[in-house]
Amino acid sequence: MPELPEVETIRIGLQKYLVGHIIKDITINLPKQLSGDTKAVIGARVVVVKRFGKGLVIELDNGYSITAHVKMTGQLLYKEPYLSKQVIAGNAKVSMTSLPDKYTHVIFYLDKGAILFYRDVRQFGWIKIVRSDLVASQPYFKKLGPEPLRDLTFEQFQVILQKRKTPIKQLLMDQSLIAGIGNIYANDALFVSRIHPQRPANSLSEEEQKNLLHAIEQVLKKGIEVGGASEWSYVDALGKSGRYQNYFQVYRKHSQPCPRCGSEIQVIRLGGRGTFFCPKCQK
Ligand SMILES: [Zn+2]
């Protein structure tokens, strides 16, 4: 599932290409994926594209916003006449010219012949049209914790960890405590900071807390720098894959040698998610 670096990469693309466009019309092929009054955004111009945790907010000039969460397989694909030869990467390789296909559930027709497609094979994502002043009180956005690289301070991080016995990896993925981290970056950050994923959060020393926060920032920055990880269907706003999968340290590397000490990477289930670690150098 796309995490902070992937959704940030989508945001950067949408900010670059969508801002300034006017929404002329919307077609909804699968009603469950869009809620809110579509008439409220017709004729409005895109002002800015923001991200909170793994959620996107496309702000319009008329007091409304289009909020979205791509969940597992959602794709927001921008097409302009001169960019139409773009091939969409990811598991199902399709060309931009073949859109809309059967997985294209919402279509935003923009001025100047541009189109924004919402494509989602598994259909877990959502788009909601809401008044901009009510975005922060929407169910997804109101329960987000502070975010690394934005407003999560070391002091806050310490308080979050000290109060809880939850295995540290599960805590890192709890969006209500810390926003943006999912399975890929939680696994890699724990490896970088040499902390075993099953350690109770409140058992970390101050030095380990510092190392962990630093490692989280490091892996998220790397993820953003290389355009996110295209493991399944994640692509950016033009349909291109990211490259972080080439930089996975332990994630999905079970039975392979640890890049640090050569021991065999192990995999366990923790909170229902595949958890990868080096039994020798993560304590
Ligand atoms: Zn190792």
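Helices (H or I, at least four residues) and strands (E, at least two) are DSSP runs, numbered from the N terminus. The model is predicted: local features need pLDDT of at least 70, side-chain atom pairs count only at pLDDT 80 or more, and totals for chains, interfaces and linings use all residues. Residues are numbered from 1 along each chain as its sequence is written, and side-chain values use heavy atoms, with hydrogens and water left out.

The protein chain is divided into domain 1 (4-142) and domain 2 (154-277), with bounds that come from an automatic or database domain assignment. Their C-alpha centres lie 28 Å apart. Across the two domains, 24 residues of domain 1 are in contact with 23 residues of domain 2, where contact means heavy atoms within 4.5 Å.

Lining residues have an atom within 4 Å of a point. Grid points are joined across faces, edges and corners, and a volume is the space filled by probe spheres set on the points. The largest pocket holds about 380 Å³ of space. Its lining comprises 23 residues, of which Met 1, Met 173, Asn 183, Tyr 251 and Arg 273 lie nearest the centre. Each of domain 1 and domain 2 contributes at least three residues to this lining. At least two residues come from each of α5 (183-192), β12 (266-270) and β13 (273-277), and β13 gives the most, with 3 residues. By class, the lining has 10 nonpolar, 6 polar and 7 charged residues; Ala, Val, Leu, Ile, Met, Phe, Trp, Tyr, Cys and Pro count as nonpolar, Asp, Glu, Lys and Arg as charged, and the others, Gly among them, as polar.

Helix α5 is largely enclosed by the rest of the structure, because 9 of its 10 residues are buried. Buried means under 20% relative accessible area, exposed over 50%, and partly exposed in between (1.4 Å probe, protein chains only). Among the buried residues of α5 are Asn 183, Tyr 185, Asp 188 and Phe 191. The buried residues of this helix pack against α1 (4-18), α4 (168-172), α6 (206-225) and β13. Just after α5, Arg 194 takes a positive phi of about 60°.

Ser 230 lies in the loop between α6 and β12 and counts as buried, at 13% relative accessibility. A polar atom of the Ser 230 side chain lies 2.9 Å from the backbone oxygen of Tyr 234, and the side chain of Ser 230 also reaches the backbone nitrogen of Gly 242 at 2.7 Å. Beyond its neighbours within four places in sequence, Ser 230 is in contact with Ser 241, Gly 242 and Gln 245.

Two further loop positions were examined. Gly 43, between β2 (34-35) and β3 (46-52), counts as exposed at 53% relative accessibility. Gly 43 and Ile 23 are 20 residues apart in sequence, with their C-alpha atoms 5.4 Å apart. Gln 123 is placed in the loop between β10 (115-120) and β11 (126-131) and counts as partly exposed, at 27% relative accessibility. Not counting residues up to four places away in sequence, Gln 123 touches Leu 30, Lys 32, Gln 33, Thr 73 and His 105.

Methods
On a 1 Å grid over the protein atoms alone, a cavity is a set of points where a 1.4 Å probe fits but cannot get out, and a pocket is an open set with protein on both sides within 12 Å along at least five of seven lines; lining residues have an atom within 4 Å of a point. A polar contact is a pair of N or O atoms within 3.5 Å; within protein, one must be able to donate a hydrogen and the other to accept it, and residues adjacent in sequence count only if both atoms are side-chain atoms.
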